[in-house]
Amino acid sequence: MSELRINLTKGISLFKYNKKAFIGFIIILFYVLMAIFGRYIVPLSLESNFSERYLAPSLKHPFGTDYFGIDIFAQIVNGARTVIGLSMTSSFFAVLIGTILGILRGYLTGKIGQLVDAIISIFLVIPSFPALLIMAAIFADSNLNMVQISLIVALWLWAPLAKQVSAQVMSIKSKEFIEASKMLNMPLYYIVFKDIFPLVAPYILVNFAMQLKGAMEFTIGLMFLGLAKFDSTHWGIMLNYALYQAGALYTPRAFHYPFFIILNIILLIYGGIIFAQGLEETFNPKLRGHE
Amino acid sequence: MKKTLIKIFVLFMSLTLIFSSFNFSFAATKKTSDLKLASDWPYPFHGNPFGPGAVGGAWWFVYEPFAYYIPQTGQYIPRLAEKWTINGSKLTVYLRKNAKWSDGRAFTAQDVVNTVAFIQAMWQWPYEIQTVRAINPNTVEFTLWKDAPTSFMHTILTDGAMGSLVPYHVYSKWYGQARQVAELGKKIFYDTQSGKTVSDETKKQYEKLSSALRDQVNKFSPYKTLKRMPVVGAYEPTKIIQSEMVLSKNKYHWLANKNTTERVVFRRWSSNEFVWASLVSGELDAAHPNMPKDVVEQLKFINPNLNVKTVSDLSEIALIFNFNNKLFKDLNLRKAIAYVIDKNKVKDVSVWQANPAGQYYTGVLSSMQSKWVNSATLSKMTKYTTSAASAENILKKAGYTKKDNQWYTPSNEPVEFVLSVYGPHNDWVLAAREVVQQLNKFGFKVEMKLIPDGMRDQVMRSGEYECAIEFGSAWWGYPHPMTGYARLYQWDIANITAFPSKEKFNTPWGEYSPFDLVEELRVNINNSKKATEIIQKLAYITNEYLPVVPLFEKVLPIYYSSARLTGWPSAQDGRWSLAPGGIERLYNLLITEGVLKAK
Amino acid sequence: MKFILNRLIYLLFVLFIAISGIFFLINKMPGDPAYGLAVSISQQRNMDINKALEIAHQMMGIDTGEPLFIRYVKFLNQFIRGNIGYSTYYQTTVNEIVAKSLPWTLLVVFISILISFIIGVYLGAFSAQKRGRAVDISISFVSSIIQAIPPFVLAVLILFVGAIKLRIIPLGGAYPVDMEPSLSMDFIISVIKHAIGPIVAISIPQIAVWTLAMRGNTPQIMEEDYIRFAMIRGVKDSTIARKYIRNNAILPLVASLAIAFGYMLGGNTLVESIFNYPGIGFYFGKAIALRDYGLLTGLFSLIVVGVIIATFLAEIIYSLIDPRVKVK
């Protein structure tokens with residue numbers, strides 16, 4: 001059983017055993033670095049030049065130009081900041097809330113447990129995207145900062161995760177080693193953090209990657225609704241321009257325009273997914289046994 | 001468990017096989033004598049013009065005005081009226097003798113009287129009509145209220161609601177009530193307008209009567225109770241589902257013999273992409289979505305039968321300012337902004353087919369400018385050619401300074417502001433994005449903010465913006481510069497921007513307040529010499545004092561297909577100009593007169 | 001039985017809190033429900049917007065003076081009687097609107113869930129069995145990528161390819177207007193043909209979700225004691241894979257079916273508008289834009305009720321197939 005309790009830092013050394021986790025990590029690292037340093041390396045000029053629209057990829061424009069004649073590559077690099085920033089914070093909060101309430105629900109019994117369960121259920125049954133739209137309308141004029149916006153997004157993202165985590169915890173808590181800890185009168189935080197958390201951690205990581213996708217969709221919606229500050233280089237906004245405003249699907253020579261945007265979105269989320277899968281396989285010996 | 005799953009799977013596969021063996025063509029719905037369009041309508045459908053969403057896009061097919069007015073030629077085409085005479089404040093309309101409702105009943109003067117009573121009662125409009133009287137079954141006489149602008153004659157003649165909205169034989173049981181409410185409403189209105197106080201008791205009585213009527217009429221659905229909706233227009237809605245609406249020909253219409261189009265079929269306009277897709281695949285005969293340049297080229301390549309005609313939408317998109325904001329009170333800054341903005345670039349990225357704003361911002365739509373503003377006036381005015389240098393000169397003279405590519409006001413505050421734009425209007429967002437970019441490049445610090453869906457009114461009216469993209473001058477209703485100036489100096493724009501339109505402004509002809517000038521113009525609208533003089537002054541004030549900075553004149557791109565139809569007018573034909581404010585009028589005119597028909 | 005009753009009371013409590021929350025949230029929204037109407041009045045009749053707004057208020061019969069709490073009590077009172085609200089814009093009950101649109105949404109959502117669940121579970125189990133082999137790697141690779149595609153992109157793509165390029169799916173609507181709804185074969189076929197676009201657009205991402213979930217669940221089941229016992233007893237490998245592992249790995253997924261159902265009810269607004277499909281998504285969009293509080297509250301409550309019923313059913317099914325739940 002002690003084998004299970006590998007903490008996260010030691011896990012990094014397992015990269016050499018797990019290619020998936022390694023590749024995923026590299027992809028995420030790449031985009032995070034892009035978000036931090038990208039704008040100093042690739043300067044952005046948003047000056048439109050209608051006659052240079054839809055230029056094919058070339059050395060000057062690695063991803064070509066968009067409907068406005070602006071370099072797509074520069075926009076992707078500069079937009080990484082909002083994409084990674086807003087979406088990652090949102091999914092971080094969602095995972096945080098989801099994990100805490102999920103573990104609480106799974107571990108606690110009695111009245112408090114039921115109360116937590118009710119809170120989770122309420123957020124589960126309310127359709128999240130329309131609810132978010134309404135929140136956006138309510139807060140549209142209050143000039144929220146990024147953390148506040150992320151919290152609003154997270155508010156409608158955390159519930160499914162909490163539900164799943166609580167199910168996991170419930171199945172774990174009957175295991176022998178937890179019973180043992182209980183019998184040794186270990187304090188609650190010890191049981192939660194040392195016994196339960198490491199077991200659900202990989203599960204949470206997988207969800208973090210999935211939440212990233214949800215958070216990205218939600219933040220695009222919020223930008224169009226005017227809650228989040230409008231940033232035309234956010235990949236979601238770019239994609240929306242490409243498909244709806246510019247109708248790039250109907251224009252064969254504009255193929256590269258939506259293609260490179262979608263490619264980057266997919267790559268980022270895919271990186272997250274396989275990183276999480278890799279970690280899950282590394283930490284969960286049941287999976288390794290079947291490799 | 002597995003067995004059931006397999007069963008379901010097999011069922012699903014076999015269903016798929018059945019479908020794939022069917023011929024997936026679109027032949028099922030193709031009828032050669034249909035006109036296929038895209039529009040919107042309320043569903044569940046009620047067929048009541050006072051109900052929510054009225055009849056949607058079917059409006060001009062089911063209701064006929066007394067006449068159509070062609071702005072380009074200034075010509076009236078008689079519809080429900082055979083002719084009319086104007087005598088002072090009296091308008092006498094001679095109704096078409098062979099006009100009939102689609103259930104076979106004759107259309108008479110009583111229907112017109114009934115309609116006016118109903119709209120005055122239900123809409124509190126138009127109180128400009130003081131009385132309406134049936135002289136005989138085929139003649140109606142309208143008397144205008146003493147303070148009504150004479151341009152209202154035009155509204156009576158061309159508004160689709162004026163003649164045939166409310167068939168007397170369907171709505172007669174509420175006629176007495178409607179009449180009562182309308183008369184009382186008019187009395188209150190006239191008294192208030194002439195400065196008399198109206199007693200609370202009268203107001204209360206009005207509220208009581210009108211809400212009693214409204215409750216009954218709003219809920220009435222001819223489509224549900226009569227199973228049909230008798231109309232005087234050429235088409236009656238006969239079958240309505242959420243995604244499609246079918247209008248069938250009214251065989252009693254006076255042009256029914258000339259008209260060879262049996263049905264008008266609407267598709268729900270659910271999204272622009274859907275309309276694009278429908279146009280490409282030949283599912284629509286005409287539509288007017290905004291489309292990017294390359295998409296249009298590609299559409300024509302895939303569907304060579306598509307043609308496009310762009311007509312002015314009789315409105316311009318402009319940058320408007322909140323005059324409660326200290327920054328924008330300074331005319332120098334507004335002038336500098338007018339010089340900085342590259343109108344052509346804005347137009348290119350926003351709506352490529354639009355007419356870019358001209359070099360003069362006279363408040364007269366740029367496509368109509370030569371007709372209304374004379375060259376002598378233009379020579380006195382500032383010419384706004386895009387020039388950063390001119391903008392810099394103005395600012396430097398006024399004491400502005402520039403440090404590190406950022407401008408500072410004479411009181412040494414940075415020139416920074418937020419540009420608000422209504423999110424759901426894609427073309428506005430694109431324009432805003434470009435304007436922000438250009439202003440930032442010049443050295444102002446501008447950020448863009450989107451106004452959420454449904455919030456435009458709230459934000460604009462409460463003045464919670466610094467500057468914004470909005471309709472500037474607009475000639476909706478009565479296509480005349482007066483309408484545009486009234487909007488700028490008396491109505492919406494004056495209200496939301498707080499532009500001091502009652503102040504006097506210096507012009508080469510003396511000092512004038514634009515508010516008073518619009519009043520004067522309204523009185524003298526039929527005196528073309530006097531009207532032109534007033535318009536010169538208003539044009540000068542608008543250009544020199546910049547209540548708004550126009551970006552481009554909106555156009556209506558009409559895509560029409562000649563795949564199944566023949567008879568679309570040539571590009572120069574004046575009838576296209578009938579489209580703004582009711583594109584279905586154009587289609588209705590063309591098919592009822594038998595000009596446009598199936599091949 | 002007691003278990004079922006307990007759950008029922010509990011879910012009713014959740015329902016009450018959820019719709020109350022929704023009611024107050026929606027009524028906190030800024031904006032004027034009469035604005036849309038006022039704009040069209042002011043343009044049509046060349047009139048000042050403030051005057052038009054006044055008229056619009058009267059036309060729609062909006063009483064802004066009534067206290068929120070009174071409206072809340074009225075709403076609850078009607079809700080209990082099965083009237084989920086009155087639409088200020090459409091001037092009709094939300095029940096009527098729902099009756100005309102919900103069946104289409106349910107059709108698409110049900111078929112999508114069925115298809116995606118079956119295909120997803122099979123693919124996931126298959127993939128788990130072949131863990132580490134080329135088939136497994138490619139299945140999880142493709143599923144991961146599909147999950148990363150934004151759903152509206154997929155819908156636009158399917159519309160473009162299916163309806164314009166290949167012309168194998170009809171454009172828009174649930175059935176052609178020239179057809180009378182009936183139980184005839186022609187009509188049913190036409191309905192299904194029209195639903196294919198939205199179904200495919202919703203199913204593809206869902207298949208990927210179920211595949212990955214099933215693939216992730218399977219190995220944990222393999223470690224359970226009863227599988228070990230079965231192995232010791234010498235049950236055939238293929239039987240273990242089918243009967244024991246697959247059936248047990250499906251169990252937790254059944255529980256998340258209810259959540260998926262709710263997510264799809266509320267989340268396919270965009271897909272419906274891209275395909276011009278006449279479901280409740282259309283009214284959702286309208287209700288938000290027009291600030292039609294009555295309609296919005298009604299639609300929200302309806303979805304909440306739907307999800308709660310689905311959750312309840314899922315729990316009962318779950319307790320029937322998994323005896324361990326009952327014990328608790």
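**Reading spans, a sheet and an interface**

Modeller: In an unreviewed entry, UniProt lists residues 21–42, 83–104, 116–140, 146–166, 187–206, 218–243 and 255–276 of chain A for "transmembrane region". UniProt positions follow the numbering used here, feature names are shortened, and annotations may be inferred rather than shown by experiment. The model is predicted: local features need pLDDT of at least 70, side-chain atom pairs count only at pLDDT 80 or more, and totals for chains, interfaces and linings use all residues. Residues are numbered from 1 along each chain as its sequence is written, while chains are lettered from A and ligands numbered from 1 in the order in which they are written.

Colleague: How many Å separate the end C-alpha atoms of residues 21–42 and of residues 83–104 of chain A?

Modeller: Helices (H or I, at least four residues) and strands (E, at least two) are DSSP runs, numbered from the N terminus. Residues 21–42 of chain A are 95% helix and 0% strand, with end C-alpha atoms 29 Å apart. For residues 83–104 of chain A the figures are 100% helix, 0% strand and 31 Å.

Colleague: In what order do the strands of the open sheet in chain B lie?

Modeller: Two strands pair if DSSP finds at least two bridges between them. In chain B, 4 strands form an open sheet in the order β4-β5-β7-β6, with antiparallel pairing. Its edge strands, β4 (81–87) and β6 (129–136) of chain B, each pair on one side only. From one strand to the next, the twist averages 20 degrees.

Colleague: Which residues stand opposite A81(B) and A134(B)?

Modeller: In a regular strand the side chains alternate between the two faces of the sheet. A81(B) faces L95(B) in β5(B) across the pairing; β4(B) and β5(B) share 6 bridges. These two strands form a hairpin with 2 residues between them, and G88(B) in the turn has a positive phi of about 60 degrees. A134(B) stands opposite V140(B) in β7(B), and 6 bridges join β6(B) to β7 (residues 139–144) of chain B.

Colleague: Which helix lies across β5, β6 and β7 of chain B?

Modeller: Axes are lines fitted to C-alpha atoms, for helices over the stretch in contact, and angles run from 0 to 180 degrees between N-to-C directions. Helix α3 (residues 109–123) of chain B lies across those strands, at about 165 degrees to β6(B).

Colleague: How many residues does the contact take from chains C and B?

Modeller: Residues are in contact if their C-beta atoms, placed from the backbone, lie within 7 Å. Chain C supplies 48 residues and chain B 51. On the side of chain C that touches chain B, α5(C) gives the most, with 6 residues.

Terms used:
Contact = placed C-beta atoms within 7 Å.
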